[in-house]
Amino acid sequence: MIFDYQSPTDFKFAGAFVGIDAWVIGHRTASGWLSDVTSNETINALTDYGLRVRLEGDTVTLVVDGVTKLSHTFADSLVDGALGVGTDNA
């Protein structure tokens, strides 16, 4: 899930990183994809997960199948940009 989208190299994200079996909250810069917080857990490819991203002020929470997996507080507002869904190498 992509949030606070400002440009192709300036946004925040939350979701699954199947290749390393981790739930991730992070941000994208010109330097690349940066993870701010991760939670290692087996994530199965070709499995449906119910993801919800909750934005409250400067804090984002990732909820998967009704269970809170991660929460992270950013230094700036999370609601200045657009929201959307995206993938990388999928």
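Let me begin with the open sheet: three strands in the order 5-6-7, paired in the antiparallel sense. Helices and strands here are DSSP runs, numbered from the N terminus (H or I of at least four residues for helices, E of at least two for strands), and two strands pair if DSSP finds at least two bridges between them. Strands 5 and 7 stand at the edges with a single partner strand each, so one side of each has no neighbour in the sheet. From one strand to the next, the twist averages 20°; such angles lie between N-to-C directions and run from 0 to 180 degrees, with axes fitted as lines to C-alpha atoms and, for helices, over the stretch in contact. Strand 5 is joined to strand 6 (residues 59-64) by six bridges, and Leu51 stands opposite Val64 of strand 6.

A word on the source. This is a predicted model, in which local features need pLDDT of at least 70 and side-chain atom pairs count only at pLDDT 80 or more, while totals for chains, interfaces and linings use all residues. Residues are numbered from 1 along each chain as its sequence is written, and side-chain values use heavy atoms, with hydrogens and water left out.

Now to confidence. The predictor's confidence in each residue is given by pLDDT, from 0 to 100; its mean over the protein chain is 90, and 97% of the residues reach 70 or more. Strand 7 has the highest confidence, at 97, and strand 8 (residues 82-84) the lowest, at a mean of 73. Where pLDDT is low, the predicted coordinates should not be read in detail.

Strand 1 and strand 2 form a hairpin with two residues between them, and they pair in the antiparallel sense over three bridges. Within that pairing, Ser7 stands opposite Asp10 in strand 2. Strand 2 then runs antiparallel to strand 3, to which seven bridges join it. Here Lys12 stands opposite His27. The hairpin of strands 2 and 3 has four residues between the strands, and in it Asp21 takes a positive phi near 50°. Asp21 belongs to the loop between strand 2 and strand 3 (22-29), and its relative accessibility of 29% makes it partly exposed. The scale is as follows: buried is under 20% relative accessible area, exposed is over 50%, and partly exposed is in between, with a 1.4 Å probe and protein chains only.

Asp4 counts as buried, at 4% relative accessibility.

How many salt bridges does a search of the whole structure find? There are four, a salt bridge being a side-chain nitrogen of Lys or Arg within 4 Å of a carboxyl oxygen of Asp or Glu. Asp4 is bridged to Lys12, with 2.7 Å between the closest N and O atoms.

Lys12 lies in strand 2 (residues 10-17) and is buried, at a relative accessible area of 7%. Beyond its neighbours within four places in sequence, Lys12 is in contact (heavy atoms within 4.5 Å) with residues including Met1, Phe3, Gly26, Phe74 and Leu78.

Where in the chain do Lys69 and Glu41 lie? Their side chains meet in a salt bridge of 3.0 Å, N to O. Lys69 is in strand 7 (residues 67-73) and Glu41 in the loop between strand 4 (32-40) and strand 5 (51-56), so the pair ties together parts 28 residues apart in sequence. Lys69 is partly exposed, at 23% relative accessibility, as is Glu41, at 31%.

Arg54 also forms a salt bridge, with Glu56, at 3.2 Å between the closest N and O atoms. Arg54 is partly exposed, with a relative accessible area of 32%, and Glu56 is partly exposed at 49%.
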